[in-house]
Amino acid sequence: MAANTISLSNVAASRNLNSFQSRAFIAPPTIFFPVASAKSKPGELSLSSTTLSRSRVRAAASQLMNEPLNDQRSISSPTVVEVDLGDRSYPIYIGAGLLDHSELLQRHVHGKRVLVVTNDRVAPLYLDKTIDALTRGNPNVTVESVILPDGEKYKNMDTLMKVFDKAIESRLDRRCTFVALGGGVIGDMCGYAAASYLRGVNFIQIPTTVMAQVDSSVGGKTGINHRLGKNLIGAFYQPQCVLVDTDTLNTLPDREMASGLAEVIKYGLIRDAEFFEWQEKNIEALLARDPAALAFAIKRSCENKADVVSQDEKESGLRATLNLGHTFGHAIETGFGYGEWLHGEAVAAGTVMAVDMSYRLGWIDESIVKRVNKILERAKLPTTPPESMTVSMFKSIMAVDKKVADGLLRLILLKGPLGNCVFTGDYDREALDATLRAFSKS
């Protein structure tokens with residue numbers, strides 16, 4: 001294996017998962033976690049199938065077969081997944097109706113001043129409920145809010161300044177807490193504001209989209225876009241907790257619902273083959289918002305991400321594998337215009353391109369290519385980039401991708417059986433060119 005390659009493989013030792021069962025979907029399989037091998041060569045991180053992961057991902061009891069999905073026990077006892085980062089560890093609470101339980105939020109609030117950052121789509125739906133959860137039975141806490149415009153095109157420095165303006169005008173001190181209420185754009189901007197304001201204040205994530213609940217709210221990546229590239233300005237900054245109230249998905253537009261599933265599918269492809277097989281059986285249940293199916297998919301996705309983040313918080317290698325399809329996808333978002341395609345839509349098309357390139361390299365068989373295309377189509381996601389994207393556009397934008405090192409573009413590609421991938425710059429450039437020509441204009 002080349003020195004600039006990171007390999008990911010399924011672990012033979014399995015974990016027992018709580019049973020999620022309902023008429024609408026098939027019971028989930030056992031989860032497998034990859035871990036770093038002690039036998040890695042200098043400059044190489046390989047992931048072995050013989051040792052257990054060092055991180056401990058814990059989950060509370062979930063709904064059983066005959067329990068009603070909205071009973072009081074499932075609300076008051078949420079599933080908890082822990083992101084293990086030593087003294088900066090934090091819980092991800094997952095369940096229905098969690099915004100009705102003020103103690104979950106209040107235990108993670110520092111000081112007496114809170115700033116809720118949200119957007120003009122989410123605010124009418126959940127801002128009052130969030131303020132109530134922060135202040136109920138706690139009159140000493142005062143809450144300010146700032147409502148930003150909705151959309152990826154507003155994830156920039158000008159919009160970020162509105163958060164700082166509100167914090168400074170409200171005279172918030174270092175004991176304050178920022179709360180991100182919304183999707184990935186709000187979470188990224190609020191987190192970056194919290195990391196920067198007074199050189200760092202407490203912050204909490206309340207994600208309200210599938211995309212944010214399974215991916216962007218977990219792991220501490222925060223930041224904004226630049227006109228030349230996505231997420232090029234930011235910081236790693238962990239929240240105090242992530243509160244996933246699955247009831248917020250009831251108001252999510254269908255297009256946003258499908259977009260979020262691109263990240264769910266990603267976890268199966270790169271490290272959890274049995275989860276991917278479960279998705280193939282249950283993708284329609286997820287689109288139909290079956291509560292038990294969604295709860296399981298969110299939990300399993302968070303477990304996968306928490307395990308990776310606990311081993312590689314600042315993306316020195318392993319964590320980069322979570323970006324399958326993102327290099328191509330970010331080029332689509334930048335080249336086509338932020339917000340024209342949703343992030344998950346761009347990642348879906350980018351994933352197809354990464355899989356196509358993997359096949360051209362001879363690293364996967366044709367059956368995986370077909371399965372990826374089929375599940376993305378069933379999820380109502382695009383499998384080709386916009387017609388306006390050209391080879392030169394892809395190349396120029398990908399040249400400033402965050403994964404470029406010493407002028408070398410490194411990619412996440414599938415290699416081997418389903419559930420395995422590599423992060424590498426050691427590939428035949430002709431395969432990349434062939435993929436770009438197949439999916440875009442010359």
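Reading helices, rings and burial in a predicted model

The protein has 14 helices and 16 strands, where helices (H or I, at least four residues) and strands (E, at least two) are DSSP runs numbered from the N terminus. This is a predicted model, in which local features need pLDDT of at least 70 and side-chain atom pairs count only at pLDDT 80 or more, while totals for chains, interfaces and linings use all residues. Residues are numbered from 1 along each chain as its sequence is written, and side-chain values use heavy atoms, with hydrogens and water left out.

Me: What percentage of the residues in the protein is buried?

Reply: A residue is buried under 20% relative accessible area, exposed over 50% and partly exposed in between (1.4 Å probe, protein chains only). Of the 442 residues in the protein, 59% are buried. One case is T79, which lies in strand β4 (residues 79-83) and counts as buried because its relative accessibility is 7%.

Me: How do the axes of helix α13 and helix α14 cross?

Reply: Axes are lines fitted to C-alpha atoms, for helices over the stretch in contact, and angles run from 0 to 180 degrees between N-to-C directions. Angles under 35 degrees count as roughly parallel, over 145 as roughly antiparallel, 65 to 115 as roughly perpendicular and the rest as oblique. Here the axes of α13 (residues 391-398) and α14 (residues 429-439) come within 9 Å and cross at roughly 130°, and the two helices are therefore oblique to each other.

Me: Which residues of α13 and α14 make the contact?

Reply: Contact means heavy atoms within 4.5 Å. On α13 the contact is made by V391, F394, K395 and M398, and on α14 by L432, D433, L436 and R437.

Me: How are pairs of aromatic rings described?

Reply: The general idea is to give the distance of the centres and the angle of the planes. Rings of Phe, Tyr and Trp (its six-membered ring) pair if their centres lie within 6.5 Å, and planes under 30 degrees apart count as stacked, over 60 as edge-to-face and the rest as tilted. This rule gives 6 aromatic pairs. For F336 and W341, the ring centres are 6.2 Å apart and the planes stand at 80°, so this pair is edge-to-face. F336 is partly exposed, at 30% relative accessible area, whereas W341 is buried, at 15%. Ring pairs also link F275, W278 and F296 into a cluster.

Me: Where does the charged end of R429 sit?

Reply: A charge sits over a ring if NZ of Lys or CZ of Arg is within 6 Å of the ring centre and within 35 degrees of the ring normal. The charged end of R429 is over the ring of Y427, 3.9 Å from its centre.
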